[in-house]
Amino acid sequence: MVMKNTLCGRRVSDIGLGTWGMGGGQSAVHGHDDEHIAAIRYALDHGINVIDTAEMYAAGHTEEVVGNAISPYERKNIFIISKVWNDHLR
């Protein structure tokens with residue numbers, strides 16, 4: 001994948017990986033974690049270095065899945081975009 005865009009002076013992939021549904025929907029579901037981790041790692045191995053998630057996805061479990069998936073990679077090379085629910089902005 002060719003990276004033309006930059007964020008904070010670092011190259012980012014033209015396409016990011018959305019994680020809604022990984023780790024569950026409204027609540028955490030752990031039964032497919034290995035498959036979701038494999039999907040995230042596949043994306044990283046094929047040049048995607050932007051991952052979009054949110055604290056509300058699977059009641060926070062999606063962020064745990066993302067954390068497990070990226071653990072063997074250089075963190076400085078991965079951009080994680082996460083959203084916070086408006087009443088958690090303190």
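This note sets out numbered points on a predicted model, moving from the overall fold to individual residues.

1. Overall architecture. The protein contains two helices and five strands. Along the sequence these elements follow the order β-β-β-α-β-α-β. The helices are α1, residues 33-45, and α2, residues 61-70. Among the strands, β3 covers 17-18, while β4 covers 50-54 and β5 covers 79-83.

2. Dimensions. The radius of gyration is 13 Å, which agrees with the value near 12 Å that a compact globule of 90 residues would have. The C-alpha trace spans about 35 × 35 × 20 Å along its principal axes. Of the contacts between residues at least 6 apart in sequence, 73% join residues at least 24 apart.

3. Surface and burial. The protein exposes about 5800 Å², and carbon and sulfur atoms supply 55% of that area. Buried residues account for 34% of the 90 residues.

4. In soluble globular proteins, nonpolar side chains tend to be buried together. Here the largest nonpolar core comprises 13 residues, and those with the most contacts inside it are L17, I40, L44, I51, V66, I70 and I78. Helices α1 and α2 each supply at least two residues of this core.

5. Helix α2 and its cover. The buried residues in α2 are H61, T62, V65, V66, A69 and I70. The elements that cover them include α1, β4 and β5. V66 belongs both to this buried set and to the core residues with the most contacts. Beyond residues up to four places away in sequence, V66 touches T19, I40, I51 and I80.

6. T19. This residue lies in the loop between β3 and α1. T19 counts as buried because its relative accessibility is 0%, and the cut-off for burial is under 20%. Its side chain makes a polar contact of 3.2 Å with the side chain of T53. Apart from neighbours within four places in sequence, T19 is in contact with I51, D52, T53, Y57, T62 and V66.

7. H61. This residue is found in α2 and, at 5% relative accessibility, counts as buried. The side chains of H61 and H30 are joined by a polar contact of 3.3 Å. When neighbours within four places in sequence are left aside, the contacts of H61 are G23, A28, V29, H30 and D33. H30 is therefore a partner of H61 in the contact list as well as in the polar contact, while H61 itself is buried at 5%.

8. The aromatic pair. One aromatic pair is found in a search of the whole structure. W20 and Y57 form this pair, with an edge-to-face geometry: 5.0 Å centre to centre and 70° between the planes. The pair links distant parts of the chain, 37 residues apart, with W20 in the loop between β3 and α1 and Y57 in the loop between β4 and α2. W20 counts as partly exposed because its relative accessibility is 46%. Y57, at 13% relative accessibility, counts as buried. Y57 is also one of the contacts of T19.

9. A58, in the loop between β4 and α2, has a positive phi of about 50° although it is not a glycine. A59 is in the loop between β4 and α2, and its phi is near 55°, again a positive value in a residue other than glycine. A58 has 0% relative accessibility and so counts as buried, whereas A59 is exposed, with a relative accessible area of 59%.

10. The end of the chain. R90 is placed in the segment after β5. At 92% relative accessibility, R90 counts as exposed, the cut-off for that class being over 50%. R90 and E35 lie 55 residues apart in sequence, and their C-alpha atoms are 34 Å apart in space.

Notes: Residues are numbered from 1 along each chain as its sequence is written. This is a predicted model: local features need pLDDT of at least 70, side-chain atom pairs count only at pLDDT 80 or more; totals for chains, interfaces and linings use all residues. Side-chain values use heavy atoms; hydrogens and water are left out. A nonpolar core is a set of buried Ala, Val, Leu, Ile, Met, Phe, Trp, Tyr and Cys residues joined through side-chain atoms within 4.5 Å. Buried means under 20% relative accessible area, exposed over 50%, partly exposed in between (1.4 Å probe, protein chains only). Helices (H or I, at least four residues) and strands (E, at least two) are DSSP runs, numbered from the N terminus. Contact means heavy atoms within 4.5 Å. A polar contact is a pair of N or O atoms within 3.5 Å; within protein, one must be able to donate a hydrogen and the other to accept it, and residues adjacent in sequence count only if both atoms are side-chain atoms. The radius of gyration is taken over C-alpha atoms; the globule rule is 2.2 Å times the number of residues to the power 0.38. Accessible areas come from the Shrake-Rupley method with a 1.4 Å probe; for residues, only the protein chains shown count as cover. Rings of Phe, Tyr and Trp (its six-membered ring) pair if their centres lie within 6.5 Å; planes under 30 degrees apart count as stacked, over 60 as edge-to-face and the rest as tilted.
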